[in-house]
Amino acid sequence: MEYYNYIKSLHLIFIITWFAGLFYQPRLFIYHIEASKKESPEKEILEKQLKLMARRLWYIITWPSAILATTFAVWLLILMPSWLSQSWMLIKLGFVLLLILYHFKTHQMFLQLQKDVINYSSVFMRLWNEGA
């Protein structure tokens, strides 16, 4: 188990980058929603740029980080299966489930905004961002 600390370190690094993506993505949503209320040509220029930024953040940083953080977490649990019988781990996994649900809901919002479908106000998105 000499590589345990390397796996744990990679797990933590990808959790941090996953969270960074989850924190910044709703901020881009807010900017996109507010840009949709501007006049042309500012509206089109901002929306195009914000969609590109959101796409890059989501597919290059957030999703890969989520997958890698989860992969390394499973690897750690395989190395230390006794953790699954401890209450702190079960509580932690409950919070991880909530985080994954938040991620998928944010993904749904991302897809809608990529199509310029705006179902939420910027105030709601500010609350969504703070909820993270």
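Modeller: A helix here is a DSSP run of H or I with at least four residues, and helices are numbered from the N terminus. Keep in mind that the model is predicted.

Start with the loop between α1 and α2, where Pro 41 lies. The peptide bond that leads from Ser 40 into Pro 41 is cis, and its omega is near 0°. Most peptide bonds are trans. Most residues other than glycine have a negative phi.

Now to the part I have picked: α3, which spans 87-114. Let us go through its partners in turn.

Take α2 first, which covers 42-79. α2 and α3 pack at about 160°, and 12 Å separates their axes. The two helices are therefore roughly antiparallel, since angles over 145 degrees count as such. Their crossing is left-handed. On the α2 side, the residues that meet α3 include Trp 58, Tyr 59, Thr 62 and Trp 63. Among those on the α3 side are Met 89, His 103, Phe 104, His 107 and Leu 111. By type, this contact has eleven nonpolar, five polar and two charged residues.

Next comes α1, at 4-35. Here the packing angle with α3 is about 35°, and the axes lie 11 Å apart. This crossing is left-handed. From α1, the contact draws on residues including Trp 18, Phe 19, Leu 22 and Phe 29. They belong to a set that meets α3 residues, among them Leu 99, Ile 100, Tyr 102 and Phe 110. The contact holds twelve nonpolar residues, four polar ones and no charged ones.

α3 and α4 pack at about 155°, with 12 Å between their axes. So these two are also roughly antiparallel, by the same cut-off of over 145 degrees. Once again, α3 makes a left-handed crossing, this time with α4. Tyr 102, Lys 105, Thr 106 and Met 109 are the α3 residues in this contact. Their partners in α4 are Phe 124, Met 125, Trp 128 and Asn 129. Five residues of the contact are nonpolar, two are polar and one is charged.

Finally, look at the space inside. The largest pocket holds about 560 Å³. It is lined by 28 residues, and those closest to its centre are His 11, Ile 15, Ala 73, Lys 92 and Val 96. α1, α2 and α3 each supply at least two lining residues. Which helix gives the most to the lining? It is α3, with ten residues. The lining as a whole has 23 nonpolar residues, three polar and two charged.

Key: Residues numbered from 1 in each chain as written. Predicted model: local features only at pLDDT ≥ 70, side-chain atom pairs only at ≥ 80, totals over all residues. Heavy atoms only, no water. 1 Å grid on protein atoms, 1.4 Å probe; cavity = no way out; pocket = protein on both sides within 12 Å on 5 of 7 lines; lining within 4 Å. Points joined across faces, edges and corners; volume = space filled by probe spheres on them. Nonpolar A, V, L, I, M, F, W, Y, C, P; charged D, E, K, R; others polar. Axes fitted to C-alpha atoms, helices over the stretch in contact; angles between N-to-C directions. Parallel < 35°, antiparallel > 145°, perpendicular 65-115°, else oblique. Left-handed = near helix turned anticlockwise from the far one by under 90°. Contact = heavy atoms within 4.5 Å.
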